[in-house]
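Welcome, and please have a look at the protein shown here. The report that follows walks through a few of its features.

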Amino acid sequence: MVSYVNALLYGVGGIMVAGMALLVAFQEKLVYVPVLPGLTKSYSITPARLRLPYEDIWLRSSDGIRLHAWFIKLFPECRGPTILFFQENAGNIAHRLEMVRIMLQRLNCNVFMLSYRGYGASDGYPSQHGIIRDAQAALDHLSQRTDIDTSRIVVFGRSLGGAVGAVLTKNNPDKVAAIILENTFTSILDMAGVLLPFLKWFIGKSSNGPRILNFLVRSPWCTIDIVGQIKQPILFISGLQDEMVPPVHMQTLYAKAAAHNRQCLFVEFPNGMHMDTWLAGGDHYWRTIQQFLEQHLPEKKENDSSRNNNDFEAR
């Protein structure tokens, strides 16, 4: 009996040691995947291939890392919403161009696509603290432009991008008008048990258990702690066939946000998977976003501007 208990304890200890070793050695490779298998780090195509007018933008994050982005305008004088797009953890912004092409057409918007540090043409190596700085640099750039309506900047984040966007939106209530979260996780801590099931007893944010390995995670991305602090309108888009992030994560995020923010909308797409909810959702997907933007970021009428100017002059 004693030997059996000892063997069990050794087994549990071995699992913990193995889990700790995996987390310490490989966690960045699990969270951040700038290069997809069989591909290179460079962009496979540019917006020009899809006949989209764009600017190559080079930025510096607050810690000096050189960043690359594409700013794509529907047409030169477009004053519609500007969407600051944050991608998933794998690949680079070139792999999202087809979706962005349709986004431009359906939403009559501009799109700013940032390459996180270590992704695409950006320098450096990805980390949570670093990517938060990168996102802030992108927003600061947009806020200083004179060719867009800076009162209509919308953050759009999918998966990891949703975690990035949530932090940015919470930190900038005066610069971000609204946020769209799609297939985003509650935290990387909770995702650890999804990717490596044996870790669910030792690591997690929302799950029950001792969670004694949480301190080892360098990029926890605890969106569940952030989303309840966002004051701007939030659209939650959930693909119910998501094979990467369990849909319950999105439901949990919505519940946390809606308890503090009455401007939350949750929409499910029965056939949506992690990466293709925009495709599986079809017209309903784009109409959902369009209506959300029309409700919370109405287009400014020229007559309204003229009336305000006349009122000012009359004084």
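## A word on handedness

A crossing of two helices is called right-handed if the near helix is turned clockwise from the far one by less than a right angle, and left-handed if the turn is anticlockwise. With that in mind, α3 passes α4 in a right-handed crossing.

## How α3 and α4 meet

This is a predicted model, and in it helix α3 covers residues 128-143 while helix α4 covers residues 160-171. Their axes come within 10 Å and cross at roughly 60°, so the two helices are oblique to each other.

On the α3 side, the contact is made by Ile131, Ile132, Ala135, Gln136 and Leu139. Val164, Val167 and Leu168 are the α4 residues that meet them. Sorted by class, this contact has seven nonpolar residues and one polar residue, with no charged ones.

Now to strand β3, residues 82-86, which is mostly covered: five of its five residues are buried. Both of its faces are covered, with Thr82, Leu84 and Phe86 buried on one side and Ile83 and Phe85 buried on the other.

Strand β4 (residues 110-114) pairs with β3 in the parallel sense, over four bridges.

## The whole chain

Stepping back, the protein chain has 10 helices and eight strands. Of its 315 residues, 48% are buried.

Among contacts with a separation of 6 or more in the chain, 74% are between residues 24 or more positions apart.

Definitions and conventions: Residues numbered from 1 in each chain as written. Predicted model: local features only at pLDDT ≥ 70, side-chain atom pairs only at ≥ 80, totals over all residues. Heavy atoms only, no water. Axes fitted to C-alpha atoms, helices over the stretch in contact; angles between N-to-C directions. Parallel < 35°, antiparallel > 145°, perpendicular 65-115°, else oblique. Contact = heavy atoms within 4.5 Å. Nonpolar A, V, L, I, M, F, W, Y, C, P; charged D, E, K, R; others polar. Buried < 20%, exposed > 50% of the residue type's maximum accessible area, 1.4 Å probe, protein only. Pairing = 2+ DSSP bridges.
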